[in-house]
Amino acid sequence: MEFRQSNKLSEVCYEIRGPVIEHADALEEAGHSVLRLNTGNPALFGFEAPEEILQDMIRMLPRAHGYTDSRGVLSARRAVAQRYQTLGLAVDVDDVFLGNGVSELVSMAVQALIEDGDEILVPAPDFPSGRR
């Protein structure tokens, strides 16, 4: 069976992988220390989940067999809202939407804001979420 890549991906570039990773791997093999900022894993840089969220996750595990609220888990949304409230912003828990990474959230926001035929500018290098 042959699989062909969709034409939608013909101009998608992913500079954060490929040659950049190959060069980073070569530097590490040569004994250099490489800080991999391409991973998208905030925990590597000291951004840990708040204890309140961890405890809620543990408490909810026995009931975690179905879908959550489409906006995200309430306790996580509450923690985000509280964080921005401490910065002086008027953010309510209902203003917060969580997703499976920034690509999903960017896609949702763009789909909600643009019409067919609209054009948007995307900086590069980037983490592509689809067609440019």
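**Chat on a predicted helical model**

Tutor: The protein chain has an accessible surface of about 11100 Å², and 57% of that belongs to carbon and sulfur atoms (Shrake-Rupley method, 1.4 Å probe). This is a predicted model, where local features need pLDDT of at least 70 and side-chain atom pairs count only at pLDDT 80 or more, while totals for chains, interfaces and linings use all residues. Residues are numbered from 1 along each chain as its sequence is written, and side-chain values use heavy atoms, with hydrogens and water left out.

Student: What does the secondary structure come to?

Tutor: Four helices and zero strands (DSSP runs, H or I of at least four residues for helices, E of at least two for strands).

Student: How do H2 and H3 pack? What angle?

Tutor: About 170°, with the axes 9 Å apart; H2 covers residues 51-60 and H3 residues 74-86. The axes are lines fitted to C-alpha atoms over the stretch in contact, and angles run from 0 to 180 degrees between N-to-C directions. So H2 is roughly antiparallel to H3 (over 145 degrees).

Student: Which residues in H2 meet H3?

Tutor: Glu52, Ile53 and Asp56, which meet Ser75, Ala76, Arg78, Ala79 and Gln82 in H3 (heavy atoms within 4.5 Å).

Student: Switching topic. Where is Asp118 found?

Tutor: In the segment after helix H4 (102-113). Asp118 counts as partly exposed because its relative accessibility is 42% (buried is under 20%, exposed over 50%, partly exposed in between, 1.4 Å probe, protein chains only).

Student: What does the Asp118 side chain reach?

Tutor: The backbone nitrogen of Glu115, at 2.7 Å.

Conventions: Angles under 35 degrees count as roughly parallel, over 145 as roughly antiparallel, 65 to 115 as roughly perpendicular and the rest as oblique. A polar contact is a pair of N or O atoms within 3.5 Å; within protein, one must be able to donate a hydrogen and the other to accept it, and residues adjacent in sequence count only if both atoms are side-chain atoms.
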